[in-house]
Amino acid sequence: MTHMALILLQGTENLLPWQAKMHGFLTGSSMVTLGTWLAAGLTLFMFSFIYKDNPLFRFGEHLYLGVSAGYGASMYWFSYIKPKLIYPLVPVLDPHFGTPEGTLFDPWIIIPAILGAFILLRLIPGWGWLSRITFAFVIGGGTGIGLPLVVSNLFLPQFSATIQEIPWKYAPVPDASLGASMAAYGVPLLNSLILFFGALTVLVYFFFSVEHRGFIGGVSKVGIYFLMIAFGASFGYTIMARVSLLIGRIQFLMFDWVNLEIVQRFAAIFRGG
Amino acid sequence: MDKVEKPSFIERFLQLDRRIIYTLVILAVALPLLWPLGLPIKVSSEVQSIYDTIDNLPEGSNIMLAADFDPASQPELYPMLKAVMEHIIRKHHKMLIVVLWINGPNLVAQAISELQAEYPDWRSGEDFAFLGFQVGVTVVIMSLGNDISRTYPKDFYGNATAPMPIIKDFNQLKDAQYMVMLEAGNSGDYWIVYGTQMFGIPVGAGVTAVMAPQYYPYLQANQINGIIGGLRGAAEYEKLIGKPGKATSAMDSQSMVHALIFLAIVLANILALINVTQKRRQAREGK
């Protein structure tokens, strides 16, 4: 509710009487309570799918999608379309018009506005070809800007890091025993070599121009094992992420909706805390 | 009539109703929240690195904070956001906050209002500026490299950014001594390619657990100097700033569910193996 109030009143420094009333209404304690109950109810609707598919779950699912789309559209309207398109073309509509903070008239905005409108023409049969002009501009510009930067700031540092980190030369650690010195050198060396051969074998696995038989087949098989380890790590992290979301919802249900802190306090008394 | 063979205990266990497993998972989450176990949280070097960088910067340094997430990843990234912001406030650094995800700004606004209640001297426009959301990921990042107040003429609250004292010394991305990006998706890739690498800014990444494996190659290549990964990373950061919050309280539940899933996987595989062996033996004897 507070978020809704912020969106509705965004960009207004001095609230009009009706806006102030609405702000007070939406951020008032009774609306916060109602919001909590609504969120709790919808959370339970979504959890009801655990038992089986049902209309309550479907309702919650559709409502979530609708609200997200509506919220996103309102954010685009208030934070982008109004200040970046409408105010520069019609400065009189800007609440700060006539003050130093007011938006100045900018006729050049009409060019991107027309290009943007061309994309919408895809919906009208016979006019859709105009959108190609916009897409050509976006794809051409995007590729031109992106390609050199992606190569220099992403590909090359990643390539070089595969070999760069290998400690080629043994350097004894000062004031350390031979064993400790060897370990300090050996462990990073082993890690670097695993990384290097891992990257190499996985690349061989994805090289389909040569039949995967004999030596190449063996190398690509090692690549599969490296991939499996990577997928396993990803799967572990994914479980952690999904459980985190569940914990977040249950924390909300237990402590924001039903105030179970009282139960916690009793439990602490029984434990002698 | 043929006698119907009763399924064995193993077969019945392998066909366990999934709802029983769901119930066990919910109990494994809920019970430690009520009765915390206090399992130890060990700080990883990846999280420590981000903490140390912020801690060792001279007072008043400029830090860029990107909060590119939305309510779907709130349980993981919101505690991280609050912990990192609180650390920056305590060290009296200047902070600019930007959001590249459309549904994210209000979460940042909520964190700011909660922290302002605790730190009333922390002022918008002087100590920090919340610039809000702007459309066009790549263009926004590149534009921040040129002129921040032109990219964001107004902050999230509708105030003009150009006259703000913080903007005087922090009007380009390269003015930042450090950057922390909190990412629920791949916006971090864009920050690295079009921002931090281009302007030579050291950067640390706080990411959801799902995204963490994708960011480790950047750490290995020294393109980022640390990773705060998922709820666990948030709990570690809370430990470092000495203020246990929601992430810390959730870690016992996280550990219990992981243990439960681990046991379930091991048990199901052992029983499946026994089942297959028994069936093979029965088939051989039947011959």
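A residue counts as buried under 20% relative accessible area, as exposed over 50%, and as partly exposed in between (1.4 Å probe, protein chains only). By this scale Trp257(A) is partly exposed, with a relative accessible area of 27%. The model is predicted, so local features need pLDDT of at least 70 and side-chain atom pairs count only at pLDDT 80 or more, while totals for chains, interfaces and linings use all residues. Residues are numbered from 1 along each chain as its sequence is written, chains are lettered from A in the order in which they are written, and side-chain values use heavy atoms, without hydrogens and water.

**Aromatic pairs**

- Rings of Phe, Tyr and Trp (its six-membered ring) pair if their centres lie within 6.5 Å; planes under 30 degrees apart count as stacked, over 60 as edge-to-face and the rest as tilted.
- Over all chains, the structure holds 17 aromatic pairs.
- One of them is the edge-to-face pair of Trp37(A) and Trp257(A), at 5.5 Å centre to centre and 85° between the planes.
- Trp37(A) counts as exposed, at 53% relative accessibility.
- The rings of Trp122(B) and Phe128(B) are stacked, because their centres are 4.0 Å apart and their planes are at 20°.
- Both Trp122(B) and Phe128(B) are buried.

**Contact between chains B and A**

- Chain B gives 59 residues and chain A gives 54 residues to the contact, which means heavy atoms within 4.5 Å.
- One salt bridge is counted between the two chains, defined as a side-chain nitrogen of Lys or Arg within 4 Å of a carboxyl oxygen of Asp or Glu.
- Lys246(B) and Asp256(A) form a salt bridge, with the closest N and O atoms 3.9 Å apart.
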